[in-house]
Amino acid sequence: MAQPVGFDGEPDGVVPRTSWSAEPVDLRLLGRQRECRALDGLVAGVRAGQSGVLVLRGEAGIGRSALLDHVAEQASGCRVARLAGVESESELAIAGLHWLCSPLLDHLDRLPGPQRQALAIVFGIVSGPPPDRFLIALAVLSLLADAAADTPLVCLVDDAQWLDQASARTLGFVARRLHAYPIALVFALRGDPAEPTLTGLPELVVEGLGDADAQLLLASVLPVPVDDRVRGRIAAEAGGNPLALRQLPYGFASGELSFGFGTADPALLPGRIEQGYLRLIAALPEATRRLLLIAALEPDGDATVLWRAARCLGLPPDAIVAATSAGLIEISSHVRFRHPLVRSAACRAAADRVPEAHRVLADLTDPGRDPDRRAWHRAHATAGPDDAVAAELERSADRALSRGGVGAAAAFLARAAQLSTDPAAGAQLALAAAGARHEGGAFDAALALLAVAQAGPLSSIQQVQVDLVRARVISGPEAPGLFVDAARRFAPVDPQAARDTYLEAFGAAFSAARLASGTGTAGVARAARAAPRTRRPRATDLLLDGWVAVCVDGCRTGVPLLRKAVAAFCREDAAQPLHVLPLASAAAADTLDDQAWETLATRHLLTARQLGALSELPIALHGLTMVHVLKGQLDVAAALVAESRTVAEVTGAKLWPYGAVALAAFDGRDSEPARTELSRLADGGQGAAVTVLHWAEAVLGNAHGQYQEAVVAATGAIADPDELGQRTPALVELVEAASRTGLIDVAADALRQLSALTRAGGTDWARGLEARCRALVSTDDAAESCYREATQRLGRTRIRVDAARAHLLYGEWLRRRNRRVDAREQLRIAHELFTAMGTHAFAERARRELTATGLTVRKRSEENTTRLTDHESQIVRLVGNGLTNPEIGAELFISPRTVEWHLRKVFSKLGVTSRRQLTAVVRE
């Protein structure tokens with residue numbers, strides 16, 4: 001077969017004229033005017049000091065890499081940083097970041113201390129405890145920002161679908177926060193984004209060429225004159241894919257092309273393209289194929305490694321020339337494949353040589369400088385079991401975990417399990433790999449590894465651990481029952497582990513709630529009651545006993561035990577495992593102990609941060625968000641909600657939108673995105689999401705005076721009598737809504753259920769809520785006494801929202817009895833509190849009542865107020881505390897330049913021109 005003319009483009013991109021083609025034409029970016037305009041605008045914006053992000057998405061061979069080349073050529077006057085995802089490195093933590101950031105590490109010393117330390121640890125410059133992945137992402141953003149301070153920076157990420165998880169999430173985080181920097185970030189990936197952090201970024205789908213452009217490109221590569229109809233059919237089969245257009249003709253003999261006997265299935269184009277590369281590689285000398293394989297397996301693209309490998313294999317260095325002449329790779333200081341399919345084809349073409357290539361690369365890798373990559377190469381060079389290599393992989397897994405690379409650790413452990421000669425050790429490694437996969441969010445892979453672990457000999461304890469991981473992975477309606485089964489099996493051999501597992505079962509039951517399959521909170525409680533006792537009960541033991549008693553014996557017996565457990569957790573010397581802190585915090589909330597609730601919710605968040613447990617961080621942020629919502633600090637709650645979304649973006653952890661829904665309800669608005677997220681959780685088996693949705697609707701209904709809707713919503717929230725958590729606040733909403741719609745019996749029954757808890761708790765918050773609700777169903781004389789008790793008790797708590805609502809209800813009651821002067825006093829207090837807190841619907845309800853007493857109060861829309869964003873509100877508060885821009889940046893994990901950018905917007909919104917004026921506004 002004749003060598004293709006202009007196969008995938010000549011080096012200079014110009015197709016020479018032939019006897020059957022038109023004049024020479026530059027075809028590198030044929031038909032890509034739309035894409036080039038968008039990319040040119042992006043580069044122009046960066047030169048002007050603006051940021052820009054774009055995801056180029058398209059199928060294999062569509063021309064994404066050529067578009068990135070165009071960006072690099074157009075980015076004169078900018079610094080260009082480029083990296084490419086490599087499939088063989090997709091399991092190595094921060095491999096992609098290493099490519100991108102290594103040339104920029106001369107800026108490392110200029111980063112804030114914590115960020116500098118985090119990057120130094122993950123890049124192996126210094127040793128230290130695993131850094132917080134959130135901090136790593138912020139450090140990368142700061143590094144790029146500092147590099148762009150003098151010269152605009154253009155970052156090009158090719159084959160983003162092969163980025164390792166940590167790098168993809170970090171770059172997705174960075175891409176959403178470039179607004180203050182002259183940085184452009186362009187991703188090119190095949191198909192839909194595999195990593196959710198890349199979803200939602202500005203996107204440009206690169207589609208197939210139009211018919212005229214496809215015909216022109218095809219004419220440039222056909223080796224023989226071809227009938228017009230045959231040429232049209234080939235162009236149609238290629239679907240406008242440029243690489244397919246260049247490749248398809250070479251699967252047919254010239255006679256087939258001329259007379260139309262060849263066919264192709266458009267759905268198999270990537271396979272056909274790779275087959276074309278395979279044929280080209282098969283025609284190369286053996287020495288060339290061996291070196292091409294080395295280049296394919298050495299993802300750094302270091303040309304010196306290729307030459308050293310040639311010497312180790314006894315091959316002449318110029319053997320690679322045949323591959324460059326065929327247009328398969330380009331070599332300068334680095335080796336670059338023309339397309340990812342060339343890399344995979346090189347591996348397939350020399351599959352029998354892959355272990356040899358890995359062995360050579362392992363020998364050439366410095367064990368001191370890069371022990372993990374050396375271990376990876378050794379693992380794939382080993383044909384049979386090898387305990388030494390397995391042990392090396394275990395050590396690599398430990399290092400990966402220290403860098404926050406859970407996915408890499410799982411890959412190392414899984415391969416170590418395959419190489420272990422001891423079946424028991426292999427099963428234990430597979431079990432550890434499954435746990436790491438679960439922590440990294442790869443649930444299907446975790447289940448597959450559990451199956452591997454179960455195929456080997458496991459001790460009874462290890463078998464229970466398998467079931468524990470499975471329960472954590474499933475995390476749905478069946479999870480409580482699985483935890484209970486595991487706890488029962490732990491009991492004879494490890495009583496303490498059994499009790500801890502029952503607590504996990506309670507957590508799963510609280511989440512599954514009404515949707516639990518078979519075993520709900522009552523079932524968990526009955527099973528846990530039989531758990532073995534401990535001689536010296538810890539705080540966790542008290543907590544378990546308290547929950548069991550609440551569910552089995554009722555609030556009168558259980559709440560005092562829960563309060564005792566809460567007090568134990570609040571003491572400094574109490575043991576506080578991370579996974580039980582949310583249960584302790586929930587106990588404080590359910591017993592209506594506002595001080596302990598804030599203490600434990602804050603401790604949960606701080607502990608999650610200190611341990612770098614980002615999978616737990618969204619849960620902790622949700623817990624503290626609820627505290628600040630009820631304290632009336634909606635700006636703080638909004639900042640926590642924003643941080644929770646940020647953490648979910650970076651880590652890929654499940655988003656917990658409960659706090660966002662609560663915030664929206666008390667703000668007087670319906671948050672459709674948060675409601676959608678809650679509905680998604682409910683569809684996944686989290687019954688708690690259903691309850692929270694109903695409760696938020698009840699709050700919103702009462703806030704707007706839509707009491708009938710509130711009755712329906714609150715009734716839905718308490719539909720399951722075994723549910724805990726949001727049941728208490730839902731009862732409070734039901735008493736108010738039912739009393740306002742004449743459903744006194746419904747309100748009285750809800751009050752009866754509420755009183756069982758509030759009287760057992762005995763806190764000011766509990767007794768204040770009971771008094772407020774009792775006033776709504778009482779006669780005049782008794783009602784006023786209850787209202788006064790409610791305002792006094794709730795006024796002593798941190799829960800300002802409930803205190804303000806007590807004043808509002810008391811004022812409304814007074815006005816309806818024509819005691820206007822007294823009513824104005826209560827309603828004015830309520831209106832001022834609601835307005836200061838930002839609970840706008842309740843504030844409007846208070847304003848209407850004040851107007852009905854004869855006072856004129858301006859609507860919020862008439863007031864001179866301007867809404868700040870979450871970050872702006874945070875920064876304004878810190879300015880008011882006297883912090884400088886660098887200090888604010890350190891507090892919020894952003895750069896001083898970003899602080900300055902936010903402040904300029906704040907100044908404009910508030911009509912101030914200096915920090916002094918801003919501080920005065922804050923104080924007012």
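1. Two strands count as paired once DSSP finds at least two bridges between them. By that test, β4 and β5 (residues 153–158) pair in the parallel sense over six bridges, and V80 has V154 in β5 as its bridge partner. Element names here follow DSSP runs, numbered from the N terminus: helices are H or I with at least four residues, strands are E with at least two.

2. A quick word on ground rules: this is a predicted model, where local features need pLDDT of at least 70 and side-chain atom pairs count only at pLDDT 80 or more, while totals for chains, interfaces and linings use all residues. Residues are numbered from 1 along each chain as its sequence is written, and side-chain values use heavy atoms, with hydrogens and water left out.

3. Now the whole sheet. Five strands make an open, parallel arrangement in the order β4-β5-β6-β3-β7. β4 (79–84) and β7 (203–205) are the edge strands, each with a single partner, so one side of each has no neighbour in the sheet. From one strand to the next, the twist averages 15 degrees.

4. Helix α6 (residues 165–175) packs on this sheet, touching β3 (52–58), β5 and β6 (183–190); contact here means heavy atoms within 4.5 Å. The direction of α6 makes about 135 degrees with that of β6. Axes are lines fitted to C-alpha atoms, for helices over the stretch in contact, and angles run from 0 to 180 degrees between N-to-C directions.

5. On to α39 (residues 780–795).

6. Which residues of α39 are buried? They are A783, E784, C786, Y787, A790, T791 and L794, buried being under 20% relative accessible area, exposed over 50% and partly exposed in between (1.4 Å probe, protein chains only). Seen down the axis, they fall within an arc of 165 degrees, so they line one face of α39; the arc is taken from the directions from the helix axis to the C-beta atoms. D781 and Q792, on the other side, are exposed. The cover over the buried residues includes α38 (764–776), α40 (800–816) and α41 (820–837).

7. Last, D545 in helix α26 (residues 539–552). D545 is buried, with a relative accessible area of 16%. Leaving aside neighbours within four places in sequence, D545 is in contact with R499, R533 and L561.
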